Amino acid sequence: MTKFFKTVAIVTVFSICEKFLGFLYRIYLSRTIGTEGIGLYQVSLSIFALLFTICCSGTPITVSRLMTKYRSENDTLKSQKIITAGIVFTLLTVIPICLIFVIFGKHFDFLFADSRCMDIFLIVLPGLIFTSIYSVLRGVFWGDKDFLPYSIIELLEEICMIVLGIILINSVTDVYQGAMRAGFAVLISYIFSFTLASIVFFLRKHKLKNPKTEFKPLLSSALPITAMRTAGSLASSLISILLPLRLVSAGMSESGAMSAYGYAMGQAIPLLFIPSTLIGSFTLVLVPEISENFYKHKYYYLKRDIEKALKFTTFLTLLFIPVFFVCGEEIGILIFNSHECGKYLSASAFLMLFVSLSNITTSTLNSMGLENKTLIYYVIGGIIMLGCVWFLPSVCGIYALLIGFFAIYGVTTVLNLILLKKTCPKQPNYKKFTLCSCLLSLPTIIFGFMLEKLLISVLGSFFTLIVCCILMMLFNCLLYIGFNLISGEYLLSKLKLNLFNKKGQNKTVL
């Protein structure tokens with residue numbers, strides 16, 4: 001377990017650095033090209049993301065899972081074949097799609113709410129080939145449990161995009177020109193990460209073998225995952241088109257609708273995925289373990305790992321929820337200089353729990369070969385979300401998007417947990433912990449509001465935000481320890497182990 005937690009720590013550090021840099025870059029974009037420019041950039045990338053999802057979104061996780069399966073069977077040749085099958089299938093999918101858009105691009109203007117988005121999209125489009133192949137190589141790293149190269153490449157890709165973006169955008173005075181140059185930075189960063197991943201792939205002495213026999217198992221597993229993620233990207237793309245139109249129909253101007261979409265989808269919603277980003281490192285390392293234990297019928301360890309995943313996800317997410325609920329407006333103003341973004345953050349704080357639980361349970365079920373079920377659940381939630389976006393803007397404006405997100409992630413979370421209960425021979429115990437954790441967030445929120453009112457007139461917005469965040473998280477952790485949901489002795493023993501490198505027995509946490 002020590003090796004497992006060290007791996008999680010390494011991946012987490014790199015992931016936090018990557019996301020933090022990306023977060024700063026988003027602030028820079030917001031302040032340089034404004035919410036309208038962010039809206040153009042976001043809409044263009046949403047269509048790009050849809051094509052990426054169609055091309056290969058299910059392939060990396062399938063390659064990883066089947067490599068794990070074949071490794072448990074000591075079949076190296078099949079592992080090499082499944083890697084080749086993933087690369088060939090991706091190329092056969094992505095190249096024709098790129099050619100269609102390059103040749104007939106102007107006929108697809110209807111995909112964008114603003115025609116200017118097409119020019120930005122065509123700039124980024126060649127990167128689809130490079131990032132799709134890189135995603136398969138990333139799946140190979142996962143299957144090998146070789147997380148360090150993947151983490152370094154992801155960080156360097158982000159740095160490449162940010163440096164180029166700042167250089168290219170710094171002197172622009174037009175939001176459209178700024179969005180186009182941001183697209184150039186994305187393209188070059190994709191080429192950069194593909195090049196590095198290819199070098200590492202061959203340095204690790206991977207070989208490509210005739211993939212003929214592995215196309216069937218690859219497609220049977222990858223297609224449901226691809227379909228599920230395609231449905232999600234398609235929904236996101238449809239929302240980027242429909243929501244501004246529905247907001248205009250409800251009485252907003254076109255620029256007002258695009259700005260509202262920009263502060264909601266381009267500023268507030270990404271902040272809600274901060275816990276999922278931190279949990280993602282944990283998931284990345286844990287999912288191969290779950291898959292291996294499932295295929296080897298080690299049901300005790302499977303139960304333990306699923307419990308660990310659900311409880312850790314709940315604990316970490318509920319540390320952030322009270323902070324966003326209480327201090328959302330201050331965060332929005334401080335980071336994006338946007339009062340509207342701040343209000344949106346506060347209103348959407350509890351969405352973070354459903355987002356995190358939905359993501360961790362979907363990854364867990366997919367690692368156990370239940371891709372078809374998770375696809376059905378996601379489609380159900382997606383249909384409800386699209387209904388919210390279509391019918392509710394005239395009632396609640398941009399908050400229709402938030403209600404839709406609650407619908408899709410709430411439905412998938414509940415249905416995934418039910419399926420986990422049916423699938424696991426040994427039932428994971430997490431319900432009591434989750435319920436108690438949710439209840440403990442209420443006194444933390446009350447404490448936060450009292451603290452904010454007490455300090456705001458003395459310290460000002462910035463220092464009040466910092467003090468409230470630290471004290472609220474500390475208060476929440478003390479509640480967990482006080483109600484025996486986590487072990488204080490365990491935490492101290494782990495701290496001593498890290499500081500003094502001593503071995504000893506530890507109590508189970510969470």
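At what angle do helix α6 and helix α7 pack, and how far apart are their axes? I opened my notebook with this pair, keeping in mind that the model is predicted.

**Entry 1: α6 and α7**

I looked up helix α6 (residues 147-169) and helix α7 (residues 175-203) and found that they pack at an angle of about 150°. Their axes lie 8 Å apart. The cut-off for roughly antiparallel is over 145 degrees, so α6 and α7 count as roughly antiparallel to each other. I also noted the handedness: α6 passes α7 in a right-handed crossing. Then I sorted the residues of the contact of α6 with α7, and they came out as 18 nonpolar, four polar and two charged.

**Entry 2: α10 and α11**

Next I turned to helix α10 (residues 274-295) and helix α11 (residues 299-336). They pack at an angle of about 175°, with their axes 10 Å apart. This pair is therefore roughly antiparallel too. I wanted to see which residues meet. From α10 they include I274, F282, L286 and F294, and from α11 they include Y301, F312, L316 and F324. E289 of α10 and both D305 and K308 of α11 are also among the residues that meet. The residues of the contact of α10 with α11 divide into 16 nonpolar, three polar and three charged.

**Entry 3: Y261**

Is Y261 buried or exposed? I found this tyrosine in helix α9 (residues 254-272). Its relative accessibility is 1%, so Y261 counts as buried.

**Entry 4: E18**

I then went to helix α1 (residues 2-56), where E18 is found. With a relative accessible area of 10%, against a cut-off of under 20%, E18 is buried. Not counting residues up to four places away in sequence, E18 touches E154, L155 and E158. I159 is 141 residues from E18 in sequence, yet the two are 7.8 Å apart in space, C-alpha to C-alpha.

**Entry 5: two loop residues**

Where is P126? I found it in the loop between α4 (116-124) and α5 (127-143). P126 counts as partly exposed, because its relative accessibility is 39%. From P126 to V94 I noted 10.0 Å, C-alpha to C-alpha, and 32 residues in sequence.

My other loop residue was N484, between α17 (431-482) and α18. N484 has a positive phi of about 60° although it is not a glycine. It is exposed, with a relative accessible area of 63%.

**Entry 6: how confident is the model?**

I finished with the confidence scores. The protein averages a pLDDT of 83, and 93% of the residues score at least 70. Which helix has the highest confidence, and which the lowest? Helix α16 (residues 399-423) is highest, at 92, while helix α18 (residues 488-500) is lowest, at a mean of 49. Over residues 494-510 pLDDT stays under 50, and for these the model has 19 contacts beyond four places in sequence. I left myself a reminder: where pLDDT is low, the predicted coordinates should not be read in detail.

How values were computed
Residues are numbered from 1 along each chain as its sequence is written. This is a predicted model: local features need pLDDT of at least 70, side-chain atom pairs count only at pLDDT 80 or more; totals for chains, interfaces and linings use all residues. Side-chain values use heavy atoms; hydrogens and water are left out. pLDDT is the predictor's confidence in each residue, from 0 to 100. Helices (H or I, at least four residues) and strands (E, at least two) are DSSP runs, numbered from the N terminus. Contact means heavy atoms within 4.5 Å. Buried means under 20% relative accessible area, exposed over 50%, partly exposed in between (1.4 Å probe, protein chains only). Axes are lines fitted to C-alpha atoms, for helices over the stretch in contact, and angles run from 0 to 180 degrees between N-to-C directions. Angles under 35 degrees count as roughly parallel, over 145 as roughly antiparallel, 65 to 115 as roughly perpendicular and the rest as oblique. A crossing is left-handed if the near helix is turned anticlockwise from the far one by less than a right angle, and right-handed if clockwise. Ala, Val, Leu, Ile, Met, Phe, Trp, Tyr, Cys and Pro count as nonpolar, Asp, Glu, Lys and Arg as charged, and the others, Gly among them, as polar.
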